[in-house]
Amino acid sequence: EHNLSLALRYIVDSPVPTTRARVADGTGLTKATVSELVDLLVSARLVTELEPEAGERVGRPGVPLIPAARTFVGLGLEVQVDHIAVRAVDLQGTTMYERVVHGDYRRSDPDLTLRQLAKLVEPVVATARAQGGRVAGACVSVPGLARLGSGVVRYAPNLGWEDIDFTHVLGSSSALRDVLIEVGNDADLGALAEARTRSRLAGLSRLDQNFLFIAGEVGIGGAIVLGGELASGMHGWSGEIGHAVVDPNGPRCNCGAMGCLEQFAGKDALSRAAGLSLEASTETLRGMALKGDLQAIGAITTAATALGRTASSAMSLIDVDRLILGGAYAVLCDLLRPGIEAELTSRVISRRWLPLHVEGAVSGEMASLTGAALRVIDHIVADPSEWVGAGG
């Protein structure tokens with residue numbers, strides 16, 4: 001079972017089609033063992049064989065292997081302050097189906113919202129199954145305290161939710177009744193998608209990914225990625241950087257404390273400081289700043305300073321040299337970077353020996369939604385024997 005997972009992980013993580021021989025070299029397994037494992041994975045529709053490679057070497061040409069397309073589906077679901085959404089992703093990491101509904105979910109009724117989300121999922125699941133796909137599970141991204149592997153959200157201050165059992169409501173829907181459901185923090189899942197995307201684009205191992213991830217939405221989420229994996233902390237709640245104190249005498253936050261980072265750099269705080277409505281897009285704010293609007297420039301400058309001061313403490317504590325800006329901050333990255341870098345340069349001692357990097361996320365729009373779906377795919381890769389035993 002371990003070797004089966006090892007072989008599938010190598011194939012799934014490979015940025016280009018691989019072969020049995022390369023899987024053997026990369027995993028340390030014998031060629032005979034890999035051949036047997038790959039045959040099982042192919043029969044279970046987890047791996048697809050392409051046409052043999054044309055080469056100059058003597059002997060039988062290698063048969064390229066890739067993760068199977070559209071056979072197994074990971075469902076990413078999301079509840080955010082301004083939208084609910086579902087995204088279906090296959091073993092190749094390709095988005096197959098997606099539905100998004102925009103709205104205001106601040107202080108919304110959790111039961112009604114989750115039932116609306118379940119309705120959103122139904123046609124996605126029906127389409128996937130009609131095309132021969134198997135739904136392997138669902139993970140829900142939420143802006144709050146949620147431990148991956150659990151079905152309960154302990155606290156989501158910007159939604160106004162506390163101790164909500166997602167599995168109870170979602171699991172009662174016809175589409176998700178027999179589907180394993182878990183919840184996760186949106187920044188954690190966004191960081192997961194970012195690590196996977198960076199590995200694929202650079203052709204690197206996941207183990208090479210080490211960074212602090214900060215995603216700006218109405219709330220601000222943070223996550224720590226070390227060796228390509230989330231450093232989730234003792235209770236699975238690490239990375240709550242949005243509630244780090246910037247000014248103890250500052251505005252009251254939705255969490256009940258005073259002067260949290262969210263009150264200086266969250267999307268609502270940026271909009272208010274720039275004189276915009278809370279519904280205004282990040283692109284609107286960016287456009288105003290680029291045109292020289294002093295109020296917009298001032299809002300971004302204040303946010304950059306607060307982010308830089310908070311990130312400098314976090315990066316010093318966890319010893320990473322790369323800060324990735326996700327969510328709304330990815331759109332504003334070039335405008336935020338100078339102010340953030342100024343704070344990091346003056347406050348992070350290790351910068352004397354190691355350069356510090358501030359970069360925008362490359363994982364695309366609604367990365368946490370993708371990360372939620374990839375979380376399900378990770379479960380398949382971690383235990384493919386379950387699906388092999390089921391006959392694919």
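Which helix lies across β14 and β15, and at about what angle does that helix run to β15? This one is a predicted model, where local features need pLDDT of at least 70 and side-chain atom pairs count only at pLDDT 80 or more, while totals for chains, interfaces and linings use all residues. Residues are numbered from 1 along each chain as its sequence is written, and side-chain values use heavy atoms, with hydrogens and water left out.

**View 1. Helix α12 on the strands β14 and β15.** The answer is α12 (residues 333-347): this helix lies across β14 (322-327) and β15 and runs at about 160° to β15. A word on the labels: helices (H or I, at least four residues) and strands (E, at least two) are DSSP runs, numbered from the N terminus. Axes are lines fitted to C-alpha atoms, for helices over the stretch in contact, and angles run from 0 to 180 degrees between N-to-C directions. Look for Leu325, which has Gly360 of β15 opposite.

**View 2. The open sheet of 5 strands.** Reading across, the order is β13-β12-β11-β14-β15, and the pairing is mixed. Strands count as paired if DSSP finds at least two bridges between them. At the edges stand β13 and β15 (357-360), each with a single partner strand, so one side of each has no neighbour in the sheet. Strand β11 (residues 211-216) runs antiparallel to strand β12 (residues 220-226), and 6 bridges join them. With β14, β11 pairs in the parallel sense, over 5 bridges. Phe213 has Ile324 as its bridge partner in β14. In a regular strand, side chains alternate between the two faces of the sheet.

**View 3. Ser238 and its surroundings.** Ser238 sits in the loop between β13 (229-230) and α7 (262-265). What does Ser238 contact, leaving aside its neighbours within four places in sequence? Those contacts (heavy atoms within 4.5 Å) are Asp188, Gly222, Ala231, Ser232 and Gly233. With Ala231, a polar atom of the Ser238 side chain lies 2.6 Å from the backbone oxygen. Gly221 is 17 residues from Ser238 along the chain, and their C-alpha atoms are separated by 10.0 Å.

**View 4. The α2 and α3 pair.** Helix α2 (residues 20-27) packs on helix α3 (residues 31-43) at an angle of about 120°, and their axes are 9 Å apart. The two are therefore oblique to each other. For the angle classes, under 35 degrees is roughly parallel, over 145 roughly antiparallel, 65 to 115 roughly perpendicular and the rest oblique. The crossing of α2 past α3 is right-handed; a crossing is right-handed if the near helix is turned clockwise from the far one by less than a right angle, and left-handed if anticlockwise. From α2, Arg20, Val23, Ala24 and Thr27 meet Lys31, Val34, Ser35, Val38 and Asp39 of α3. By class, the contact of α2 with α3 has 4 nonpolar, 2 polar and 3 charged residues. The classes go like this: Ala, Val, Leu, Ile, Met, Phe, Trp, Tyr, Cys and Pro are nonpolar, Asp, Glu, Lys and Arg are charged, and the others, Gly among them, are polar.

**View 5. The α9 and α10 pair.** Helix α9 (residues 282-290) and helix α10 (residues 294-318) have axes 7 Å apart and pack at an angle of about 110°. That makes α9 roughly perpendicular to α10. Their crossing is left-handed. Leu285, Met288 and Ala289 in α9 touch Ala296, Ile297 and Ile300 in α10. Sorted by class, this contact has 6 nonpolar residues, no polar and no charged ones.

**View 6. Helix α1 against helix α13.** The axes of α1 (residues 2-13) and α13 (residues 367-382) come within 8 Å, crossing at roughly 140°. That makes α1 oblique to α13. Ser5, Leu8, Arg9 and Val12 in α1 meet Asp378, Ile380, Val381 and Ala382 in α13. The class tally for the contact of α1 with α13 is 5 nonpolar, 1 polar and 2 charged residues.

**View 7. The open sheet of 3 strands.** Here the order is β7-β8-β9, with antiparallel pairing. β7 (145-146) and β9 (161-165) are at the edges with a single partner strand each, so one side of each is left without a neighbour in the sheet. Between β7 and strand β8 (residues 152-156) there are 2 bridges, in the antiparallel sense. Ala146 stands opposite Val153 in β8.

Note on methods:
A polar contact is a pair of N or O atoms within 3.5 Å; within protein, one must be able to donate a hydrogen and the other to accept it, and residues adjacent in sequence count only if both atoms are side-chain atoms.
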